[in-house]
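Below is a short briefing on how two chains pack against each other. The structure comes first.

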Amino acid sequence: MIRFIDERWADILFRSYQHGSLVIQSLILATLIGVGIAVLVTTYRGLSPAANAISAVGLTIPSFALLGLLLPFTGIGVVPSVIAVTFYAVLPILRNAVVGLQSVDGGIIESARGQGMNAMTIFWRVRLPLAWPVIMTGIRVSAQMSMGVAAIAAYVLGPGLGPYIFTGLSTVGGANALNYAVVGTVGIIVVALLLDALLVLFARLTTSKGIRA
Amino acid sequence: MGRLAAADREDRLLLIGLPILIGVVLIGWIIWRAVADLDDIEARLLTPASVLELTWQHLVIVAVCTVIVVGTAVPMGILLTRGPTRKLSPPIMGLANAGQAAPVIGVIVLLALLLGFGFWVAVLSLTIYAFLPVLANTITGLKGVDRSLVEAARGMGMSDMQVLFRIELPMAVPVILTGVRTALVLLAGAGAFAAFIDAGGLGELIQTGIVMFRYSVLVSGAILVALLALAVEWVGRLVEVYTKPKGLS
């Protein structure tokens, strides 16, 4: 085991980086999409049960099935991986962004308007900062989930640590099969925990000082 | 209908919309299957008998896991919220949260390499995977019961057992059931991975479709797995709405 890791140290590190980077890029994309839809939904309030229902349905669709549905359109490789990871990452962020934006006290928005702020300024200076901690919680949930989706995406030749798991599976009985599977699985857990720690730090730094707990 | 009217709008949308969605897609797939021009391999993989067989295998895996998970996680959650074991609940919850970072496909492959391929190893790994949401929600649900209600019940002379079964559990049922539904949906989806370790199920269609470059088989598998998961979600929501104790709303 130690020899196995020692021999492939550079490859393992590179794959961990790839795995993390796939998840982080998809998370950024998902945050933009999720918050964007949430803004729409909170502006036209009637839409919000529909948005919640759609995100519940979306979370129900198994990731392996979604990858299967994407393949005929995207072919194998990185593209279906990014689409699948982003798809799942949007859902918790959307849900939390809707809750966060809706729970901003109407009185605060009223007084912001009274100070002469327009809708844009109110969104950037008042609503988004107040909703941000809740949105960040959604992003953390998404990050955890995305790690697993990214691992499954390896089956369609996605990048990252996932291929190690599948190499372990396909070389069953071979000397290194277990090593591959262990390094792949534990590697993903380590990357996930590291990313979560980073996100906690990021949430602290980006949360407005006035509402920091 | 009274229950349905009392449910919130999200639940109502899903309870009515999901069966329509499932029905339309399923009928669409059946029509496609009847008229599509399939080659030999595709036709052999997609005979009604083999699709039904795979669906049945999939359902059996999900059902067995569900019984084991509910039978172990709920009692464990109850134990962890009372008596001397209460102190263990924060570390166990912490461990459970960290464990959620483990990708399910990794767990399945690892256990299969260690214990061998087949049905029971698939059941074991999926059970581990689905255990956490049910345990977490049982503990959260029981802890969420207002302490003054428990005090009041004690004051009326109820024993610990009576308090548990007549006050705490009924109050916690909605939260516990949400955990069970989450777990079931996860199971229905993750059941597709059972095919990787020769345990059958609808995942076999997806896998064979990818390996043999037969998109029709792959997409059929994907659609059927997704429909199964959606059906499970629908049943779960229905049970939730109808088992909610009448006094709670």
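The notes that follow cover the interface and the nonpolar cores.

This is a predicted model, in which local features need pLDDT of at least 70, side-chain atom pairs count only at pLDDT 80 or more, and totals for chains, interfaces and linings use all residues. Residues are numbered from 1 along each chain as its sequence is written, chains are lettered from A in the order in which they are written, and side-chain values use heavy atoms, without hydrogens and water.

**Interface**
- Contact (heavy atoms within 4.5 Å) joins 36 residues of chain A to 41 residues of chain B.
- The two chains bury about 3,200 Å² between them, 85% of it on carbon and sulfur atoms; this is accessible area (1.4 Å probe) lost on being put together, summed over both.
- On the chain A side, A:T60, A:F64 and A:L169 lose the most area to chain B, together 19% of what that side buries.
- Between chain A and chain B there are zero salt bridges (Lys or Arg side-chain nitrogen within 4 Å of an Asp or Glu carboxyl oxygen).

**Nonpolar cores**
- A nonpolar core joins buried Ala, Val, Leu, Ile, Met, Phe, Trp, Tyr and Cys residues through side-chain atoms within 4.5 Å, buried being under 20% relative accessible area (1.4 Å probe, protein chains only).
- In the largest core, of 122 residues, A:I135, B:I105, B:F193 and B:F196 touch the most other members.
- B:I105 touches residues of both chains, among them A:I152, A:F166 and B:F193, not counting residues up to four places away in sequence.
- Another core, of six residues including B:V145 and B:I167, lies apart from the largest one.

How values were computed:
Buried < 20%, exposed > 50% of the residue type's maximum accessible area, 1.4 Å probe, protein only.
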